[in-house]
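Have the model open as you read.

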Amino acid sequence: MAALSIVPATIAASIATLILLDCFIRQTPLLKLKPTQEAEGRFPHLTDTIPLLGNLGLLLTPTSRVQIRKIGCVWRYLPAFLFKDKMLLVLRPDFIQTVLKAGVAEPLMPARWSRIFGAGSLPVVRGVEHARLRGATAVAFSEDSIEEVIPRLREIARECLAKMVAYPEAGQGRLYPAEALHEFAFKAFCSFIVGTDERQICALTRLQTDLKNIMKGLGDVFLPEWIPFSGFNKALAARDRASNALRDIVEERRLVLADTEERKDALSALILEGTLATTEIVDVILSWMTGVDKTAKLTSTCLYTMIYKFSPEFADMVKTVANTASLSPHDLANLPIFEAFIKETQRCYSTIPGAFRTLAVDTSFDGVLVKAGTPLDLSYGFATYHIDGLSFEADRFMGKAALDVVAPETFIPFGAGERMCPGGRLARMIVKCFLYELLRDYDVKAGVGKVKSVSFPMIYVDPCIALKRMEIIK
């Protein structure tokens, strides 16, 4: 009992210390930071800035979110242990595209993220070095590379579904699929990276727990590393273990490729590219693997939209395509109806909520000059609300009038420009293979439990489902 009583006391002491530290950093009164009334161009400041949270509390209220969306850009504060200076919160998609595609900004991230990713990793490096790494790794995500792994992705999807349907909760309508989908996405990424090499697949599979700890460390961004329940230090230890294991995998593959130059997976492509050192390949793979969680969350959210948002007509169209006798990997990769459904899900629920950037040059937004050096908080999630809110209409991404064709600035689920997520096409392909196998052999319906919606650190929905094999319900 004495040990248990220490826990809340430790938490309370940590929070109190954090508040005092926040006030010290900003040199502000203890009870409340005074809201700034100055006008900076035409972009207003968020008020009610408080120690520990900055303006986060205001962003959590529905009324405030609606008002902020209408404005499009506002000045705000994050907790001072992350960023001391005020930031420009950017919600308007056209402004975000200006920043991302025009190359007027550089990445800005908390120091802890740089330590977890690695100082020389693709998400962290800038300028010429970023261009070099991105160019060297682009070959791994070619359309041919992704199509080649499709048969294995379908096999992994079938294994995942067989495991899910065997859970008692599946028949009871009480199954939450998030955990099973994480395992599915993890195995899919492993196969993409090391191909059919079972030994190396097993070596990667053993890193799943470390990967989860790395993601938790990235997600605990609003908890200082010295707070006892912060996942940061555990994430650093997990990164060290994963890096050592990946180094062995890369060196082993180098020996294999000394005798043959067959390029059948992403790891071989990285090695045969010829310019990347082993440590760089390790950092690249680790940054790729952070996409596992995002892909799993996207798959879960697609399950939700398929069950709750589909129009009956569109659902019939999808099932008709899924029940086509045989589709080649190329056909499956290019199914417009599946692509439209996944994109509309991403439009409504942008898994990646946003990004931090620093303006590299003076930039004008609607006549308001924002100076170089200004930190930006780009909100991909808020941007989706500017197009019909959460009204789900998958056919908006069909044909020549598809939204991402006629108005690409409004669709940014993986970012845009040179720092757009390189694995976006792979993530959609993994989701597509899962949905294809699901609709071919299973019946999925809403379960009896409540839907779980999450908005931070990623935006996704974990639905409660009932799952049965088709032959069982016939």
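## Helix 13 against helix 15

Helix 13 and helix 15 make a right-handed crossing (right-handed if the near helix is turned clockwise from the far one by less than a right angle, left-handed if anticlockwise). Helices here are DSSP runs of H or I with at least four residues, and strands are E runs with at least two, numbered from the N terminus. This is a predicted model, so local features need pLDDT of at least 70 and side-chain atom pairs count only at pLDDT 80 or more, while totals for chains, interfaces and linings use all residues. Residues are numbered from 1 along each chain as its sequence is written, and side-chain values use heavy atoms, with hydrogens and water left out.

The angle between helix 13 and helix 15 is about 120°, and their axes are 9 Å apart. Axes are lines fitted to C-alpha atoms, for helices over the stretch in contact, with angles running from 0 to 180 degrees between N-to-C directions. That makes helix 13 and helix 15 oblique to each other (under 35 degrees is roughly parallel, over 145 roughly antiparallel, 65 to 115 roughly perpendicular, and the rest oblique). On the helix 13 side, the contact (heavy atoms within 4.5 Å) uses Arg239, Ala242, Ser243, Leu246, Arg247, Val250, Glu251 and Arg254; these meet Thr278, Ile281, Val282, Asp283, Ile285 and Leu286 in helix 15. Sorted by class, that contact has seven nonpolar, two polar and five charged residues. Nonpolar covers Ala, Val, Leu, Ile, Met, Phe, Trp, Tyr, Cys and Pro, charged covers Asp, Glu, Lys and Arg, and the others, Gly among them, are polar.

## Helix 10 and its two partners

Helix 10 (residues 178-194) packs with helix 15 (residues 278-289) at about 150°, the axes being 11 Å apart. The pair is therefore roughly antiparallel, and the crossing is right-handed. Phe186, Phe189, Cys190 and Ile193 of helix 10 touch Ile285, Trp288 and Met289 of helix 15. By class, you get seven nonpolar residues there, with no polar and no charged ones.

Helix 10 also packs with helix 22 (residues 424-441), at about 120° and with axes 11 Å apart. These two are therefore oblique, again with a right-handed crossing. From helix 10 come Leu181, Phe184, Ala188, Phe189 and Phe192, and from helix 22 come Leu426, Ile430 and Phe434. The class tally for helix 10 with helix 22 is eight nonpolar, no polar and no charged.

## Helix 14, tucked in

Helix 14 (residues 266-273) is largely enclosed by the rest of the structure, because six of its eight residues are buried (under 20% relative accessible area with a 1.4 Å probe and protein chains only; exposed is over 50%, partly exposed in between). The buried ones are Ala266, Leu267, Ser268, Ala269, Leu270 and Ile271. They pack against helix 6 (127-138), helix 10, helix 11 (198-205), helix 13 and helix 15.

Where does Ser230 lie? Look in the loop between helix 12 (208-219) and helix 13 (232-257). Ser230 counts as buried because its relative accessibility is 11%. Skipping neighbours within four places in sequence, Ser230 contacts Asp220, Leu223, Pro224 and Glu225. Its C-alpha atom is 8.7 Å from that of Lys216, 14 residues apart along the chain.

As for cysteines, the structure has zero disulfides (pairs of cysteine sulfur atoms within 2.5 Å). Cys73 counts as buried at 0% relative accessibility, and Cys464 counts as buried at 1%.
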